[in-house]
Amino acid sequence: MKFDPASSIQDLRQFGEYGDVNPSITDSATYTFMQAKTMADTFHGEAEGCFLYSRHWNPSNKYLADAMAAMEGSEAGWVTGSGMGAITTALLQICQAGDHIISGLTIYGGSFAFLQNWLPRFNISVTFVNITDLDAVKAAIRPNTKVIYTETMTNPMLQISDIPALAAISNAHQIKLVVDNTFTPMIVAPIRLGAHVVVYSLTKFVNGKNDCVAGAICGTRDFIGELIDVNNGTAMLLGPVLDPMRSSGILKNMHTLHIRMKQHSHNAMYLATKFVESGISIQYPGLPAHKGHETLKKMMDQQFGFGGMIAIDLCTADQASKLMEKMEIEDVGYLAVSLGYFKTLFSNSGKSTSSEVPEEIQREMGLSEGMVRFSVGLDNDIDRTWEKIYKSLKATGCV
Ligand SMILES: Cc1ncc(COP(=O)(O)O)c(C=O)c1O
């Protein structure tokens with residue numbers, strides 16, 4: 001039977017202790033045991049279904065983690081207090097001092113800063129490559145390489161990583177392929193394409209309400225077990241746990257994710273086509289001219305479309321600022337960082353979410369100072385939105 005992430009979520013039987021259709025929220029840091037031995041067994045990871053302490057596991061987080069695993073087709077999941085919590089925890093679990101990571105160059109600025117500035121403090125080195133150049137990836141492998149790290153659709157350049165090809169390279173060298181799938185939930189299921197670990201910022205599309213930050217790690221049961229091991233687990237010992245109140249809200253929002261992804265993708269494709277017709281330089285993986293179009297088509301579940309992210313290039317930062325200010329006045333959406341919200345958000349990546357990336361590297365990755373990244377919202381009448389964007393483009397001399 002064909003894998004369908006939305007049906008996998010729908011089929012979860014998760015209800016509360018009184019038959020509540022939404023699981024009850026666990027409002028406890030600790031849990032009682034009727035027998036001392038069961039507590040000891042739980043500490044050693046030997047008692048199924050028992051909860052010990054909420055930094056380790058709590059039922060609300062378990063429901064959300066199970067829903068993430070169902071969506072990804074992974075054996076297990078664990079949820080974190082932010083996307084960065086997921087990325088850093090997963091990488092620090094796999095890598096020791098002296099290890100080496102190969103990473104895509106065009107990734108979220110925070111992830112770039114962690115890899116470039118923070119990990120070297122612990123003697124973990126990183127080589128950044130163009131992740132779409134598989135020869136460059138292979139050439140960067142060293143005897144101590146432990147991880148290839150990438151984003152399925154990269155932030156902000158919207159490059160597409162060839163996950164099956166990267167998985168083949170990883171497997172040939174006993175390297176773990178860790179993929180951030182934040183931009184493409186449901187559209188791509190990296191674990192099913194060979195990735196070993198998938199990380200998410202749930203802050204974005206998965207939650208979709210912009211009311212909290214959260215993250216998730218999906219992988220094998222063994223890997224998730226290692227993360228929460230009381231003696232050595234990075235998640236257990238660094239403690240990036242998600243608040244159960246929040247996980248309860250995110251879980252409910254996951255049940256509408258499939259509808260939202262379709263609408264984000266539909267609206268983004270519409271705007272992308274209009275930008276092309278207006279002669280604006282644009283990146284959208286749904287356009288046949290996009291370099292990663294065929295790669296994404298090969299990997300994606302077509303019913304969810306090509307995603308809600310587009311990037312246009314207005315050449316100068318000044319032009320980008322003028323357009324964004326005008327679009328905010330015209331109610332296109334908000335000049336704000338982040339993505340996956342029901343309203344359209346736009347920002348100049350080079351001056352915001354990629355500002356951690358030094359300017360010379362921004363140019364190397366092809367990030368123009370005039371790039372405006374759009375996270376296209378759920379607008380019911382996208383042509384009406386396009387009219388507002390076009391009016392803003394004209395008023396600021398961009399067309
Ligand atoms: C692709 C990607 N991964 C991870 C993150 C970090 O997530 P969070 O802000 O939830 O820590 C972001 C944030 O913008 C992102 O765009």
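Select alanine 140 to start. Alanine 140 is partly exposed, because 18 other C-beta atoms lie within 10 Å. The scale runs like this: buried means 20 or more other C-beta atoms within 10 Å of the residue's own, exposed means 12 or fewer, and partly exposed lies in between, with C-beta atoms placed from the backbone. This is a predicted model: local features need pLDDT of at least 70, side-chain atom pairs count only at pLDDT 80 or more, and totals for chains, interfaces and linings use all residues. Residues are numbered from 1 along each chain as its sequence is written.

Alanine 140 sits in the loop between H6 and S4. Helices (H or I, at least four residues) and strands (E, at least two) are DSSP runs, numbered from the N terminus. Now show its contacts. Leaving out residues up to four places away in sequence, alanine 140 touches Ile102, Thr127 and Val129. Contact means that two C-beta atoms, placed from the backbone, lie within 7 Å. For a distance check, pick glycine 109: 31 residues from alanine 140 in sequence, and 21 Å away C-alpha to C-alpha.

**Threonine 132**

Go to the loop between strand S3 (125-129) and helix H6 (134-139), where threonine 132 is found. Is threonine 132 buried or exposed? Threonine 132 is buried, with 21 other C-beta atoms within 10 Å. Setting aside neighbours within four places in sequence, threonine 132 contacts Gln159 and Gly292.

Next, zoom in on the peptide bond from asparagine 155 to proline 156. That bond is cis, with omega near 5 degrees. Proline 156 belongs to the loop between S4 and H7.

Follow the chain into helix H7 (residues 163-172). Color Ile163, Leu166, Ala167 and Ser170, which are buried. They span an arc of only 105 degrees around the axis, so they are on the same side of H7. The arc is that of the directions from the helix axis to the C-beta atoms. An α-helix has 3.6 residues a turn, so residues three or four places apart point the same way. What do the buried residues of H7 pack against? Their partners are H6, strand S4 (145-151), strand S5 (176-180) and helix H12 (293-299). After H7 comes glutamine 174, with a positive phi near 50 degrees.

Select asparagine 210. Its phi is positive, about 55 degrees, although asparagine 210 is not a glycine. The residue lies in the loop between strand S6 (197-201) and strand S7 (215-219). Asparagine 210 is partly exposed, with 17 other C-beta atoms within 10 Å.

Jump to serine 338. Here too phi is positive, about 80 degrees, in a residue that is not a glycine. Serine 338 is in the loop between strand S10 (333-335) and strand S11 (344-348). With 16 C-beta neighbours inside 10 Å, serine 338 counts as partly exposed.

**Helix H10 and its partner H3**

Select helix H10 (residues 244-254). Its buried residues are Pro244, Arg246, Ser247, Ile250, Leu251 and Met254. Seen down the axis of H10, they fall within an arc of 145 degrees, so they line one face of the helix. They pack against helix H1 (5-10), helix H3 (59-72), strand S1 (76-80) and helix H11 (257-277).

Keep H3 and H10, and hide the rest. The two pack at an angle of about 30 degrees, with axes 8 Å apart. That makes H3 roughly parallel to H10. Axes are lines fitted to C-alpha atoms, for helices over the stretch in contact, and angles run from 0 to 180 degrees between N-to-C directions. Angles under 35 degrees count as roughly parallel, over 145 as roughly antiparallel, 65 to 115 as roughly perpendicular, and the rest as oblique.

Show the side chains. Ser60, Asn61, Tyr63, Leu64 and Ala67 in H3 meet Pro244, Ser247, Ser248, Ile250, Leu251 and Met254 in H10.

**Last stop: H13 and H15**

Select helix H13 (residues 317-329) and helix H15 (residues 382-395). Their axes come within 9 Å and cross at roughly 140 degrees. H13 and H15 are therefore oblique to each other. Which residues make the contact? Leu323, Lys326 and Met327 of H13 meet Ile389, Ser392, Leu393 and Ala395 of H15.
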